[in-house]
Amino acid sequence: MTRPGLRRVEQIMGTPISLDLADDLPAERSHELAEDVFGWLREVDARFSTYREDSEVRRFDRGELLLSEASADLRLVLERCADLWGSTDGFFDAYATGGLDPSGYVKGWAAQVASDRLLAAGAGNHCLNAGGDVRVRGLSSSGRPWRVGVRHPWDPHATCLVVTGTDLAVATSGVYERGHHVRDPRRGAPARGLRSVTVVGPDLGVADAYATAAVAMGVAGIGWLDRLPGYRHAVITEDGRCLHSAHLPLGE
Amino acid sequence: MRRALLAITGLAASTSVLVVLKGSPGATQVAQDLPRTPTPVAPGSADPAPAEGEVAAEASAAATTGPRPSRSPSRAPSARPSSGSGSDGGGQTRKPSAPRTTTKPPAQPTTRTVTGPVVENEYGNVQVQIVVSGSRIVDVRALELPQETAQSDQRSEQVNGRYSGSGGQVVERQSADVDTVSGATATSTSYKQSLQAAIDRAN
């Protein structure tokens, strides 16, 4: 028996992106919607990649493109990155590497926009996972709320928590991925203390930026996460303890 | 004095022997041919001369022995191209970064095996090899994968040993039924990098 809906994975922005469309739509319509999603993500990659010299981000960074000439999307991303720099007390920094690199926000934002568009197009039951940043809506094809596992920080093949919901953005940032690659922008040294941070809330771009910022803060990030309005979290410390918000929607 | 004279004479003699050998009919032709010969064997290889050494090293792999007999007899001294290409040992040192390019027997359209670099991650090394037929990837093999389960078992035990029963919540491992997973995996990233590099080398 085949499940209704459509599942597709593509490699975009240097990461696998998977779409699970659970709505029982005609096959043609599902494919059309999936093509819209992946077409948008490919377009974002072309325009925002820091690896492509001809991308809008690189041209803006080199001064070849003025802010007034930039697309509405780029101006929005720059504005949001500036807001996040403020709300994370400078720990989310799109200029941390010297040049402009908004990719810490762009991936989550692009997936969030794709999910919003699916909802507007009448596909209110879906799960979009962009390299570990997840946006779910409605119910899965089994008819229950989506179950999003959080990757176990010491075992890539296991999960350590399950978050469930019908309208959630779930982003996880950790030092397990490329070693201690998250830097504390103030000390310039790799961040220590937190092994992984998962942030759950309404917006995936913001959740991803908050998770990255909290890892960079180290242990102090736990208190900071606790004071965030509208976003919940689960933190796993370097010494293997798990701390999470009281109201995190945990599954069995 | 006599000895010095003898040495100089000897040097002169051996040099002239070398010159005579080099100048002998046919030899120049071979020398000119050599750098070009690997090209038909490894089409698309950006660095054919060092790759030749790799072919020899990897000749034990089933798919690699084919092309040699199919070449004309002029290629018989297969050991010479690497030293004759003038790299003077340079080819040896460049070997690890050189694309490992081989072909299968000429029965099929050019089938090549291209190996990606070893990509390290926290759990060990990952290396991926692809088999390319024409412009299509027909097989992907993981030459090396980390034994991450052994290591992470060990880590989890350490973590559990330190915190079992105490305050705070110990990280637990679940194999729960989930629809998707938040947080990327190191191994898949390394696999991707090695695979991508192999594909780049094949082009």
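Biologist: In what order do the three strands of the open sheet stand?

Modeller: This is a predicted model. In it, the order of the open sheet is S6(A)-S5(A)-S7(B), and the pairing is mixed.

Biologist: Which strands stand at the edges?

Modeller: Strand S6 (155–165) of chain A and strand S7 (180–182) of chain B do; each has a single partner strand, so one side of each lacks a neighbour in the sheet. From one strand to the next, the twist averages 40 degrees.

Biologist: In what sense do S5 and S6 of chain A pair, and over how many bridges?

Modeller: Strand S5 (residues 146–152) of chain A pairs with S6(A) in the antiparallel sense, over seven bridges. A:Val150 stands opposite A:Leu161 in S6(A).

Biologist: Turning to helix H3 of chain A, what does it span?

Modeller: H3(A) covers residues 72–87, which is 16 residues. From first C-alpha to last it reaches 22 Å, close to the 22 Å expected at 1.5 Å a residue.

Biologist: Which residues of H3(A) are buried?

Modeller: A:Leu74, A:Val77, A:Cys81 and A:Leu84 are buried. Seen down the axis of H3(A), its buried residues fall within an arc of 85 degrees, so they line one face of the helix.

Biologist: What do the buried residues pack against?

Modeller: They pack against three helices of chain A: H2 (56–61), H4 (103–120) and H5 (204–217).

Biologist: And which residues are exposed on the other side of H3(A)?

Modeller: A:Ala72, A:Glu79, A:Ala82 and A:Gly86 are exposed there. Just after the helix, A:Asp89 takes a positive phi of about 60 degrees.

Biologist: Now chain B. How many helices and strands does it have?

Modeller: Chain B has nine helices and seven strands. Of its 203 residues, 28% count as buried.

Biologist: What is the mean pLDDT of chain B?

Modeller: The mean is 53, and 23% of the residues of chain B reach 70 or more.

Biologist: Where in chain B is confidence lowest, and where highest?

Modeller: Confidence is lowest in helix H4 (residues 48–57) of chain B, at a mean of 38, and highest in S7(B), at 89. Over residues 17–99 of chain B the pLDDT is below 50, and this stretch has 76 contacts in the model beyond near neighbours in sequence. Residues 148–168 of chain B also stay under 50, with 23 contacts beyond four places in sequence.

Biologist: What ipTM and pTM does the predictor give the complex?

Modeller: The ipTM is 0.89 and the pTM is 0.62.

Note on methods
Residues numbered from 1 in each chain as written. Chains lettered and ligands numbered in written order. Predicted model: local features only at pLDDT ≥ 70, side-chain atom pairs only at ≥ 80, totals over all residues. Pairing = 2+ DSSP bridges. Helix = DSSP H or I, 4+ residues; strand = E, 2+ residues; numbered from the N terminus. Axes fitted to C-alpha atoms, helices over the stretch in contact; angles between N-to-C directions. Buried ≥ 20, exposed ≤ 12 C-beta atoms within 10 Å, placed from the backbone. Expected span 1.5 Å × (residues − 1). Arc of directions from axis to C-beta. Contact = placed C-beta atoms within 7 Å. pLDDT = per-residue confidence, 0-100.
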